[in-house]
Amino acid sequence: MRPITNPLARIGVHVFLWAVVLYSTAPFIWTILNSFKTKRDANAATPKLIFDPTLRSYADVLLKSAPDNGVLIGFGIFAIVLMLVVVGFLAKRLPLPTKYVYWGIAGALALLVWGLPRVVKTGEIYDNFTNTVIIATGAVLISVAIGSVAGYALARYTGISGIVILLAAIVFRSLPRLGYILPFYQVGQDTGLWDTYWLVIIVLVAINQPFTIWMMRAFFMTVPREIENAAMVDGATRFGAFWRVVIPVVWPGIIATSLFMLLLVYHEFILISILTQSKQTLTVAMAQFIGGVSVPGSVPRQSAAAVISVIPLVIVVLIFQKQFVRGIGAGAVKG
Amino acid sequence: MKRTTFFQFTAPSNIVMIVLLIFPLMYAVWLGMNFITFRTINEPVFVGLENFRTVLADPAFWASLRWTLIIVVVTVPIHMILGFVIALFLDQVAGKMRAFYLAAALIPMIVVPLIGTIIFKQLFDPPGLVAWAYKTITGNLFIFNATSMKALILVHTIWIITPWAIVLFFAGMQTLPEEQVDASSIDGANRLQQIWHVMIPHLRPLILLTLLIAVMDMFRLFDNVFVLTRLNPVFGADTVMTYNYRTATVVNRLGLGNAVAVILVIAIVVALIPLLYVSYRDQIKAR
């Protein structure tokens, strides 16, 4: 649709969209404000918009006990992260191949996450964060790996069994999870897999697999058959053609699907809370605040925990916002 | 692609789905025919179809189904209209500002539902903004009762699911050919007529898809109702999912809970048949 040209109407458009921004973010702004308040300010009879901000609640949530040289350590971590960001931005100009630079940054970040609890006494939320990273990475990688091979085959095969699998996937995508809790719990107990990363990851892969194969299939449908046929004429096997020729073309689709998978895994609450006791993710750990909502002193801490839990996901999704939106479009318009 | 290659390529995915989706579902059906509590979790007692009879005779089950249907009927159309209008406005802006508006509009969907609901509820608990405004205006303390809780669930559900509709419609609008719109404006159509006669027909498949996804997802609504009501029966705001959860955990009848889940599975599959038939026809036509 062509944009409106009338200047008054254009102002109207922006006013409306600012109202949408306010409508979508107001609760979070309120929570972010709360997270910087003292208990007194947070419980004031008249809500305070202007107050002395404090990082007290963040320290309470993140740390078991404050370290003696906290400022120095905080500064050190900040410097390391800043350095990695700068290296990331300069990656293309460095004499090393760009791929290795990114791998190096990822490795350094992993090392930082691993090493931090050995320097400072971190709070429980930090373990939840590492659990989330491990479970999300595992589930996304496995799910997209097996889902893209299957999605490719479903996009190319014309037999009846392909349609049967796709229809079964629709059914399983829409089924409630509660029926699965008891079977998964019992089988987990019997096999000794209960309370391990493996069970959580593989269950999340399975429960979201119907969605993954549909979405990957939609992306493979947009790839013309000619390019892989040409490769196969040149002597490549079906898998060789898929791996060398098709995958590089659907890379944006793989990123979009991975993002969605990340969102689904990060949002999962019931299944993870049943399948594990010691490997809880951030989302499951936040459930402890459901009961304590109206305990007066807890508001700033609860807010800080909520902000910390949500921020990593928001940052990742907003970085890849373009692929995310295009991914929904491609998945929806095609499928 | 040959049949054998197809099965080789789909094997890992199929094995995962058969082992972890189909087998557990069959096991769930069997568990639904047993009397199980947390204490006797490893010694189920077979009771046949008794559990299913109990559920279908329970007025609370039918009340939860009725409330779920009300949620569907209220939230689905409102969120689609809201999403369509917001997408229309987003389509009017370009560049950096569009990315900013879109990012902000997506926030309710990115934020984890459980945490987002805890955050939302802060506004209504005593030191919160809405609770304060209510007290200032009416002079009474804001206390949740059945009506206000149900209203809040409806509002919050719309708030969570609208971003999906925004993104879907927005993506669809990007594929609208400009020539069609221009042709209609040469014929003298104004903007509203263009939306009604050109854009909406173009988006029809997408509108149908959004509708179906939303209806299916509303039957799985759990996290936000769970957090808002904390399963307090005072509100009478059980959806089918929270009813199911309550039966299993609070009432401590795990077998009965599985029977509820199985009944819901059957109901959903039956409700899906038209959609399955349409996709089957589409797939056959497309090959």
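How many helices and strands are there in chain B? After that, take helix α8 of chain A and show me what covers its buried residues.

Analyst: This is a predicted model. Chain B has 12 helices and two strands. From the N terminus, its elements run α-β-β-α-α-α-α-α-α-α-α-α-α-α. The C-alpha trace of chain B spans about 75 × 75 × 30 Å along its principal axes. Chain B has 287 residues, and 40% of them count as buried. Among contacts in chain B with a separation of 6 or more, 67% join residues 24 or more positions apart.

Now the helix. α8 of chain A covers residues 178-191, which makes 14 residues. From first C-alpha to last it reaches 21 Å, close to the 20 Å expected at 1.5 Å a residue. Its buried residues are L178(A), G179(A), Y180(A), I181(A), L182(A), P183(A), F184(A) and G188(A). G192(A) follows α8(A), and the phi of G192(A) is positive, near 75°.

The cover comes from both chains. In chain A it includes α9 and α13 (270-275). In chain B it includes α1, α11 (240-250) and α12 (254-286).

Two of these covering helices turn up again in the wider picture. Take α1 of chain B, residues 3-31, as one of them. The contact between the chains takes 84 residues from chain B and 84 residues from chain A. On the side of chain B that touches chain A, helix α1 of chain B gives the largest share, 16 residues. That side divides into 63 nonpolar, 13 polar and eight charged residues.

The other is α9 of chain A, residues 197-221. The largest nonpolar core has 150 residues. The residues with the most contacts inside this core are A139(A), V203(A), V265(A), I115(B) and V167(B). Helix α9 of chain A gives the most to this core, with 16 residues. Setting aside neighbours within four places in sequence, A139(A) is in contact with I201(A), L204(A), V205(A), M261(A) and V265(A).

Last, confidence. The mean pLDDT of chain A is 86, and 96% of its residues reach 70 or more. Within chain A, helix α6 (residues 124-156) has the highest confidence, at a mean of 93. Helix α17 (residues 321-334) of chain A has the lowest, at a mean of 71. Where pLDDT is low, predicted coordinates should not be read in detail.

Conventions
Residues are numbered from 1 along each chain as its sequence is written. Chains are lettered from A and ligands numbered from 1 in the order in which they are written. This is a predicted model: local features need pLDDT of at least 70, side-chain atom pairs count only at pLDDT 80 or more; totals for chains, interfaces and linings use all residues. Two residues are in contact if their C-beta atoms, placed from the backbone, lie within 7 Å. Helices (H or I, at least four residues) and strands (E, at least two) are DSSP runs, numbered from the N terminus. Ala, Val, Leu, Ile, Met, Phe, Trp, Tyr, Cys and Pro count as nonpolar, Asp, Glu, Lys and Arg as charged, and the others, Gly among them, as polar. A nonpolar core is a set of buried Ala, Val, Leu, Ile, Met, Phe, Trp, Tyr and Cys residues joined through C-beta atoms within 7 Å. A residue is buried if 20 or more other C-beta atoms lie within 10 Å of its own, exposed if 12 or fewer, and partly exposed in between; C-beta atoms are placed from the backbone. pLDDT is the predictor's confidence in each residue, from 0 to 100. The expected span of a helix is 1.5 Å times one less than its number of residues.
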